[in-house]
Structures are given as structure tokens and as C-alpha cells.
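Please examine the sequence and the structure before reading the points below.

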Amino acid sequence: MTQDDTKTQNQSKTRQLLGMKGAASGESNIWKIRLQLMKPITWIPLIWGVVCGAASSGGYVWGVEDILKAAACMLLSGPLMAGYTQTLNDFYDREIDAINEPYRPIPSGAISVPQVAAQILILLFAGLGLSYGLDVWAGHTFPIMLCLTLGGAFLAYIYSAPPLKLKQNGWLGNYALGSSYIALPWWAGHALFGELNWTIVVLTLFYSLAGLGIAVVNDFKSVEGDRQLGLKSLPVMFGITTAAWICVCAIDIFQAGIAGYLISIHENLYATILLLLIIPQITFQEMYFLRDPLKNDVKYQASAQPFLVLGMLVAGLALGHAGV
């Protein structure tokens with residue numbers, strides 16, 4: 001085996017462990033297989049959402065206790081609830097994954113369906129237990145963290161499972177996914193260190209429309225399987241080119257809308273920074289995504305999303321500074 005072959009094999013194993021597109025089957029370690037089901041690569045935006053929520057609360061203090069609270073909330077939003085969501089999604093997507101991603105743990109036969117079901121339940125109840133513990137730790141009179149976790153778990157279920165299976169609808173499914181990755185962890189971080197209010201709820205739901213665009217990017221990798229199984233993703237409904245434009249317009253316009261709101265509350269510096277962070281995203285959209293969304297979806301995400309998530313933190317800091 002050449003050095004290049006070894007490098008390619010190691011990259012494939014890493015992608016497999018993280019739950020990324022383009023992995024290879026053949027893993028036999030049950031714990032690595034369970035981790036692959038949980039798709040660790042998807043935890044990052046939820047963990048970041050907690051950071052943004054803590055920033056917008058204006059109540060986070062750099063001390064040992066708040067750091068531990070934030071870490072526990074990140075564990076809740078990322079490994080536990082995102083892991084639950086991804087495992088649940090793989091459970092209900094095993095037929096389509098057999099077409100699009102046959103190397104995934106379930107269609108490849110690396111793990112049995114009863115083992116997957118047990119993992120779903122364990123992650124769910126661990127998340128519910130931790131969320132209640134955070135409510136007690138924060139001294140909440142109303143168990144807001146537990147309610148947010150229950151709401152997120154229910155949303156994940158109706159997104160993946162029949163009869164609703166929101167992911168079958170390109171608009172509803174992608175918005176549900178976008179709000180799960182932006183609004184829900186943001187609410188959790190804000191509620192843990194401050195008091196969640198309707199202004200924050202509405203603003204983050206608006207911001208989640210940019211997340212809808214990010215969710216559409218993930219649909220391009222499964223166009224063929226979606227067509228075969230009759231799933232109405234945006235690339236299937238509108239075609240590759242039109243769906244790509246819908247995607248980038250949603251990403252850019254709704255970030256700009258948040259910047260406009262920041263200007264309206266006189267947070268002009270933060271608004272300017274947010275607008276500047278949209279420019280490289282537009283650049284990478286033109287360089288990669290709009291030219292060939294099927295080939296360049298991963299490259300585009302790796303290039304542009306750091307600027308989007310940094311913009312989320314800028315918005316969070318602005319809201320905290322303004323006392324919204």
C-alpha cells in the first residue's frame with residue numbers, strides 16, 4: 001500500500017467516524033459505530049448556538065460555575081440531543097441510505113435495528129435528565145430547559161418519522177432543521193444564563209431562515225435517492241440550479257435582515273461586522289456552490305459556514321450588549 005493509499009484510507013475512516021459524506025463501510029468496533037450514528041460533525045453548530053445564546057443573555061460571567069453550566073448545556077445540545085436526532089434520522093432513513101449512503105451503519109449491517117433503537121432511547125432520556133438538572137442548577141421556577149429539550153425531541157421525531165415526516169417536504173423539513181440548529185440551542189443558552197423572551201424567540205426564528213438555506217445544501221447529496229423514494233426536497237422540486245439559488249438567497253438575505261435589526265437598535269458596529277461577514281459567504285457561493293452544487297457542497301460548507309457561525313456570535317453579543 002502506498003503512502004497516498006494509506007492517507008486516503010485514514011481520511012475515509014475519519015469521515016466515517018464523524019458521520020460525513022464519502023465514508024467507507026467496514027468498521028467493526030461497536031462504540032465507533034454508535035458514534036458514527038450520532039454524526040459528531042453535526043454537533044458543532046448546536047454547541048456554537050449555546051455560545052450565542054449565552055452571549056445574547058447578557059448574564060454569562062467568566063467563572064468556573066458558568067463555564068461548567070455552559071459545558072453541560074453544550075453536552076445536552078450536541079452529543080446527547082443532536083446525537084439522538086441523528087440516530088433517529090438514520091433509523092427512519094435506512095431505506096434511502098441504502099441508496100444514497102450504503103456505507104452508513106444500518107444499511108451496511110454494522111449494527112442491528114434493536115441496538116439502534118436502544119441508543120435512541122438512552123440518548124433521549126440522558127438529555128431529559130441533564131436538562132432537568134440544569135433547571136435545578138440554574139434555580140429556575142419553571143423547567144424551561146426540560147421543556148426546550150422535550151420540544152426539540154418532538155421536533156426531531158416528526159422531522160424523521162411517519163406519518164408527518166417533515167423532511168419529505170422541502171420547505172417545512174429544511175426550516176425545522178434550520179431552527180433546530182440555530183434557534184433551539186440559542187434558546188437553551190439564553191435561558192440558562194438569562195430570561196428567554198419573545199424578542200429573542202422571534203429573532204432567532206428569523207435567523208433560522210438562513211439555517212433553512214444551510215439545510216438545503218445537505219439535500220444535494222441525496223437527490224437521486226430522494227427522487228426514487230418520492231421525497232420532495234427543494235433540489236427535486238425545483239431542479240439543481242433553482243434550488244441552489246434559493247439556498248444562497250436564504251442564507252444571505254436573512255443574515256442581512258438581522259444586521260438591519262441591529263442597526264434599528266443602534267448596534268451599528270456589530271451590524272457592520274455582520275454585513276462584512278456575509279461578503280466572503282457570497283464569494284464562496286459564486287466560487288463553489290452555484291457553479292456545481294452537487295460536486296462542491298462539502299467544499300462550500302467548509303469555506304463559508306465559519307463566517308456564518310461567526311456572524312451568529314456577533315449578533316448574540318450585540319443583543320446582549322443592547323439588553324434585548
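Rings of Phe, Tyr and Trp, the last represented by its six-membered ring, count as an aromatic pair if their centres lie within 6.5 Å. The structure, which is a predicted model, holds 11 aromatic pairs. It also holds 2 cavities of 30 Å³ or more.

**Aromatic pairs**

- Trp 186 and Tyr 207 form a tilted aromatic pair, with 6.0 Å from centre to centre and 45 degrees between the planes.
- This pair links distant parts of the chain, as Trp 186 belongs to helix H9 and Tyr 207 to helix H10, 21 residues apart.
- Trp 186 has a relative accessible area of 1% and is therefore buried, since buried means under 20%.
- Tyr 207 is likewise classed as buried, because its relative accessible area is 2%.
- Phe 220 and Phe 289 form an edge-to-face pair, with 5.2 Å between the centres and 90 degrees between the planes.
- Phe 220 lies in the loop between H10 and helix H11 (223–229), while Phe 289 lies in helix H14 (residues 268–289), so this pair ties together parts that are 69 residues apart in sequence.
- Phe 220 is buried, with a relative accessible area of 2%, and Phe 289 counts as buried at 0% relative accessibility.
- Tyr 60, Trp 62 and Phe 193 form one aromatic cluster.

**The largest cavity**

- The space in the largest cavity amounts to about 300 Å³.
- This cavity is lined by 21 residues, of which Leu 46, Met 81, Gly 152, Ser 180 and Leu 184 are the closest to its centre.
- Two or more lining residues come from each of helix H4 (64–92), helix H7 (144–160), helix H8 (170–181) and helix H9 (183–193).
- H7 provides the largest share of this lining, namely 7 residues.
- Classified by type, the lining of the largest cavity comprises 15 nonpolar and 6 polar residues, with no charged residues.

**The second largest cavity**

- The second largest cavity has a volume of about 40 Å³.
- Its lining consists of Trp 186, Leu 203, Thr 204, Tyr 207, Ile 258, Tyr 261, Ala 315 and Leu 319; Trp 186 and Tyr 207 also form the tilted pair described above.
- Helix H10 (198–219), helix H13 (240–264) and helix H15 (293–322) each supply at least two residues of this lining.
- H10 gives the most to the lining of the second largest cavity, with 3 residues.
- The lining of the second largest cavity divides into 7 nonpolar residues and 1 polar residue, and no charged residue is present.

**Charged side chains**

- Arg 34 lies over the face of Trp 31, at 5.9 Å from the ring centre.
- Arg 94 lies over the face of Phe 91, at 4.6 Å from the ring centre.
- Lys 167 is located in the loop between H7 and H8.
- Is Lys 167 buried or exposed? Its relative accessible area is 18%, so Lys 167 is buried, the limit being under 20%.
- Leaving aside residues up to four places away in sequence, Lys 167 touches Asn 89, Asp 93, Tyr 159, Ser 160 and Gly 173.

Conventions. Residues numbered from 1 in each chain as written. Predicted model: local features only at pLDDT ≥ 70, side-chain atom pairs only at ≥ 80, totals over all residues. Heavy atoms only, no water. 1 Å grid on protein atoms, 1.4 Å probe; cavity = no way out; pocket = protein on both sides within 12 Å on 5 of 7 lines; lining within 4 Å. Points joined across faces, edges and corners; volume = space filled by probe spheres on them. Helix = DSSP H or I, 4+ residues; strand = E, 2+ residues; numbered from the N terminus. Nonpolar A, V, L, I, M, F, W, Y, C, P; charged D, E, K, R; others polar. Phe/Tyr/Trp six-rings, centres within 6.5 Å; stacked < 30°, edge-to-face > 60°. Buried < 20%, exposed > 50% of the residue type's maximum accessible area, 1.4 Å probe, protein only. Lys NZ or Arg CZ within 6 Å of the ring centre and 35° of its normal. Contact = heavy atoms within 4.5 Å.
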